[in-house]
Amino acid sequence: MLIFIKAKFKNVISEIKQNNFSIWLKIDGTFLNLEKNIFLCFTYIKPYINKDISELTFTKLENDISFFLSKGEVILSGDFNARTGGLNDFIQNDGVNDNFTDCPVPEDYTPDLPLERNQLDQKNNLHGNLLVNICKSSQMRIVNGRFLGDSLGYFTFYNSNGKSTVDYMLTSQNLFYTINNFMVKPPTDLSDHCLIALNIFNFKNSKEIDKEELWSLPGKFKWADQSKDIYIDALLEEKSVEDILSLNKLIDDNNFNDIDFLVNKTNEIYLEAAKKSVSFKANLKNP
């Protein structure tokens, strides 16, 4: 695994642990306007070999999560080779002490919230069961399928054998409520896996926001007589047509949560076609 960090953040992000399947980073909570530090884990868990190896790997991961939760908030991201379709990542009906007559819960126990999660991949496997068990034991929550940008729980892996959801982001329950949106990017030719991205409220310290980031303009396209024909040809290319058809399949008349995502992805298709048909002039000055 490779991790790239912008140079201007090197004083607030540090590597604190790694093993053969994960890397842990610490993010200074004060920089993020948070009371606690964030411990960010990137992980790759190999496909199933045998039950003992899988259970040992997830047990090690669970121990790390428990340790870092005692020191702050946790974000977990990576390829778990886990399929969790139909599995809950929370304990149902644990909010009433009467449900635990044989083993009463402590007075300060925080019950799980029954948060609905959508997922197009409806299959599950051993890794999926192990992953949701970690969620139940540590009150971590799967982000996929719960936020604007991925409200349907899109597939994250595509190959000749089919498609599945095996890449996830998880956060500790307290941090879950600071999430703005989560996105599964469309598949590309660069990888079998889709890029996943998380946006958290207050992720940027307002003092660190560069005015140039806020006010710079992207520039403009210069139209020519032949641009129209080139533009139409670009939209009729096989990849453009496939991308548009793929987006059409994601439209759900009963769910409008992903409208921004679909519009943005459609705009990207038209933008790529425009880049092939017209010249682009960047703005050198800020307003």
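A residue counts as buried when its relative accessible area is under 20%. The model described here is predicted. Its chain has 287 residues, of which 38% are buried, and the chain contains 7 helices and 12 strands.

**Helix α2**
- Helix α2 covers residues 126-138, which is 13 residues.
- From first C-alpha to last, α2 reaches 18 Å, close to the 18 Å expected at 1.5 Å a residue.
- The buried residues of α2 are His-127, Gly-128, Leu-130, Leu-131, Val-132, Ile-134, Cys-135 and Ser-138.
- Among the elements that cover these buried residues are α1 (51-69), β5 (140-142) and β8 (167-172).

**The ends of α2**

**Aromatic rings**
- The count of aromatic pairs comes to 8.
- One of them joins Phe-155 and Tyr-158, whose ring centres are 6.4 Å apart with 70° between the planes.
- This pair is edge-to-face because the angle between its planes is 70°, and the cut-off for that class is over 60 degrees.
- Phe-155 has a relative accessible area of 13%, so Phe-155 is buried.
- Tyr-158 is partly exposed, with a relative accessible area of 30%.
- Ring pairs also link Trp-24, Phe-39, Phe-67 and Phe-68 into a cluster.

**The chain as a whole**
- Of the contacts between residues at least 6 apart in sequence, 71% join residues at least 24 apart.
- The chain exposes about 17900 Å², and carbon and sulfur atoms supply 53% of that area.

Technical notes: Residues are numbered from 1 along each chain as its sequence is written. This is a predicted model: local features need pLDDT of at least 70, side-chain atom pairs count only at pLDDT 80 or more; totals for chains, interfaces and linings use all residues. Side-chain values use heavy atoms; hydrogens and water are left out. Rings of Phe, Tyr and Trp (its six-membered ring) pair if their centres lie within 6.5 Å; planes under 30 degrees apart count as stacked, over 60 as edge-to-face and the rest as tilted. Buried means under 20% relative accessible area, exposed over 50%, partly exposed in between (1.4 Å probe, protein chains only). Helices (H or I, at least four residues) and strands (E, at least two) are DSSP runs, numbered from the N terminus. Contact means heavy atoms within 4.5 Å. Accessible areas come from the Shrake-Rupley method with a 1.4 Å probe; for residues, only the protein chains shown count as cover. The expected span of a helix is 1.5 Å times one less than its number of residues.
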